[in-house]
Amino acid sequence: MSLFVVVKFLHILAAIVAVGLNISYGVWMVRARRDPTHTAFALKGVKFLDDRIANPAYGFLLITGLLMVFLVPFPITTLWIVIALVLYAALVLLALFVYTPALRQQIKLVEAGDMTSPEYLRLAQRGQVLGPALGVIVLVIVAMMVFKPTL
């Protein structure tokens, strides 16, 4: 079995793990909205899965993706690769500087018993908008990898 095949298999596996976990976050939050006593558990669960499994899988995706580019070789300036890398950078920046800090603050407020304040509601609304927006970015990246569009 060639190195490229192994790297491609690991890349696909990491994508399944990362994207699959991200999709599950919506389920966690719907369950928490149905029973607010589970909100702290759901938020902490999402944060744990994001920090410990999904985000490392996304990092591994970058490494294996770049490795495949150099093994094939594809020029790094190929349009679909450039688009995917730019979207990946945007995804990382939004996650690091907007999504994760909001989630952290939301957890603090829930732990303090403050789920009705304007600040908590603002953060919850941000999560409801940003989560799907980040998901769309991920889906576009996946589409770039699968379909490899050219102009």
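Tutor: Buried means under 20% relative accessible area, exposed means over 50%, and partly exposed is in between. Keep in mind that this is a predicted model.

Student: Fine. Where does Phe-74 fall, buried, partly exposed or exposed?

Tutor: Phe-74 has a relative accessible area of 30%, so it counts as partly exposed.

Student: And what about Trp-80, buried or exposed?

Tutor: Trp-80 is buried, because its relative accessibility is 7%.

Student: How many aromatic pairs are there?

Tutor: The count is 2. One is stacked: Trp-28 and Phe-41, with 5.9 Å centre to centre and 20° between the planes.

Student: Which helices does that pair tie together?

Tutor: Trp-28 is in helix 1 and Phe-41 in helix 2, so the pair links parts that are 13 residues apart in sequence. Trp-28 is partly exposed at 25% relative accessibility, whereas Phe-41 is exposed at 60%.

Student: What geometry do Phe-74 and Trp-80 have as a pair?

Tutor: Phe-74 and Trp-80 are edge-to-face, 5.3 Å centre to centre with 85° between the planes.

Student: Which charged end sits over the ring of Trp-80?

Tutor: That of Lys-148, 4.9 Å from the ring centre.

Student: Changing topic: how many residues are in the largest nonpolar core?

Tutor: It has 36 residues, and Tyr-25, Leu-43, Tyr-58 and Tyr-99 are those with the most contacts inside it. At least two residues of this core come from each of helix 1 (3–34), helix 2 (39–71), helix 3 (79–111) and helix 4 (118–147).

Student: Which helix gives the largest share of this core?

Tutor: Helix 3, with 11 residues.

Student: What does Leu-43 touch?

Tutor: Leaving aside residues up to four places away in sequence, Leu-43 touches Met-29, Leu-103, Gln-106, Ile-107, Val-110 and Tyr-120.

Student: Next, Thr-39. Which helix is it in?

Tutor: Thr-39 belongs to helix 2. Thr-39 counts as buried because its relative accessibility is 4%.

Student: What lies 3.0 Å from a polar atom of the Thr-39 side chain?

Tutor: The backbone oxygen of Pro-36.

Definitions and conventions
Residues are numbered from 1 along each chain as its sequence is written. This is a predicted model: local features need pLDDT of at least 70, side-chain atom pairs count only at pLDDT 80 or more; totals for chains, interfaces and linings use all residues. Side-chain values use heavy atoms; hydrogens and water are left out. A nonpolar core is a set of buried Ala, Val, Leu, Ile, Met, Phe, Trp, Tyr and Cys residues joined through side-chain atoms within 4.5 Å. Buried means under 20% relative accessible area, exposed over 50%, partly exposed in between (1.4 Å probe, protein chains only). Helices (H or I, at least four residues) and strands (E, at least two) are DSSP runs, numbered from the N terminus. Contact means heavy atoms within 4.5 Å. A polar contact is a pair of N or O atoms within 3.5 Å; within protein, one must be able to donate a hydrogen and the other to accept it, and residues adjacent in sequence count only if both atoms are side-chain atoms. Rings of Phe, Tyr and Trp (its six-membered ring) pair if their centres lie within 6.5 Å; planes under 30 degrees apart count as stacked, over 60 as edge-to-face and the rest as tilted. A charge sits over a ring if NZ of Lys or CZ of Arg is within 6 Å of the ring centre and within 35 degrees of the ring normal.
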